[in-house]
Amino acid sequence: MKLSQFRYKLPAERIAQEPAPFRDECRLMVLHCKSGVIEHRDHFYDILDYFSEHDVFVFNDTKVFPARLEGNKEKTGAKIEVFLLRELNQEHRLWDVLVEPARKIRIGNKLYFGENETLVAEVIDNTTSRGRTLRFLYDGPHEEFKETLYSLGEAPLPRQVISRPATPQDLEDFQTIYARHEGAVTAPASGLHFSRTLLKRMELIGIDMAYVTLHCGLGNFRSIDVEDLSKHKMEGEEMHVDAEACRMVNDAKAAGHHVCAVGTTVQRVLETAMGANNNLKEFDGWTNKFIYPPYRFGIADTMICNFYLPLSTMLMLACAFGDYDMVMKAYKEAVYDQRYRFGVYGDAMLIIND
């Protein structure tokens, strides 16, 4: 398929700038792929009407850290934004980062963070046109350093989606309640709709919950610059699947129960770690899997999505799972007739494929 097939008109006012007052009370659209029926439910927690005992929800338990920092360049005092990507070396305090404006930063420059220059970093390498390696100059214990670093950061809201500045409340809102393993620079947004109350209700019903980890990167929000999708390369993201998740998913499949992927990141994990017999296998490594139509999924038969922006890789995966024509028809209805909220803080969609 071509990039232009995923372009649609989305008025700016349809993109949510704030989360729903309560996580599980956003609206829910339900797509029944076999019948073509589209339902509209008032609350996300109505999702439990479509599942029963021993069905399995698969969650991404990555944890977002406050990755965006504002600093100043030495001597000139020029304002610099640093976006932390990942820690390269604990002992030497080395981090892979993006900087803006990149043209002002050279190897050897020092950057200062905090009102009283709480933290100082030195640029030691240029990795890309925007990327740099920073060495933070800090002599204390590593945990103390991380605490200091994160105290200076803010929630890494995707600016392509949310145009307002981040607030301290976003550090809580832009995080799933089951986040455990730190490493993401953007949230697995479909999981933001789950509240503790909803998870407890699932437990009482007997729905099983499996957890995998994919540390979501900025590649999900980068624009695609090729019309031929087969030529697009996704950025690599670290992922992990343990034996317990495999057992739960494979037992559910064998018994004919639903396996629900909570978001596009989970789908990419499941399809990356799928064995030849369509069973889930243990995995520790990286994935750059890019899923777009046509694609045959092997594990999940249901999927929870957000409403994604035009031309995004997440929209392409949703169309691959739910049928391109049906998903795009649903999006048209969501924009103009039902006025759903789009983006990471928007409403949700359940795609049922069995």
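**Close-up views of a predicted model**

View 1. Strand 5 (residues 68-73) and strand 8 (residues 110-113) run antiparallel to each other, joined by three bridges. Strands pair here if DSSP finds at least two bridges between them; helices (H or I, at least four residues) and strands (E, at least two) are DSSP runs, numbered from the N terminus. Look for Gly71, whose bridge partner in strand 8 is Phe113. Six strands close into the barrel in the order 5-6-7-10-9-8, with antiparallel pairing. From one strand to the next the twist averages 45°, an angle between N-to-C directions (running from 0 to 180 degrees) of lines fitted to C-alpha atoms.

This is a predicted model, in which local features need pLDDT of at least 70 and side-chain atom pairs count only at pLDDT 80 or more, while totals for chains, interfaces and linings use all residues. Residues are numbered from 1 along each chain as its sequence is written, and side-chain values use heavy atoms, leaving out hydrogens and water.

View 2. Helix 3 (residues 196-205) has Leu198, Leu199 and Met202 buried, meaning under 20% relative accessible area, with exposed meaning over 50% and partly exposed in between (1.4 Å probe, protein chains only). Seen down the helix axis, the buried residues fall within an arc of 100°, so they line one face of helix 3; the arc is that of the directions from the helix axis to the C-beta atoms. Strand 3 (56-60) and strand 12 (208-214) are among the elements covering them, where contact means heavy atoms within 4.5 Å. On the face turned away from the buried side you will find the exposed residues Arg196, Thr197 and Leu204. Just after helix 3, Gly206 has a positive phi of about 100°.

**View 3. Val58 and its neighbours.** Val58 touches, among others, Ala210, Val212, Val249 and Leu270, leaving aside residues up to four places away in sequence.

**View 4. An aromatic cluster.** Phe44, Phe51, Phe57, Phe59, Tyr178, Phe194 and Tyr211 form one aromatic cluster. Rings of Phe, Tyr and Trp (its six-membered ring) pair if their centres lie within 6.5 Å; planes under 30 degrees apart count as stacked, over 60 as edge-to-face and the rest as tilted. By this rule there are 24 aromatic pairs. In one of them, Phe51 and Phe57 have ring centres 4.6 Å apart and planes at 65°, so the pair is edge-to-face. Both Phe51 and Phe57 are buried.
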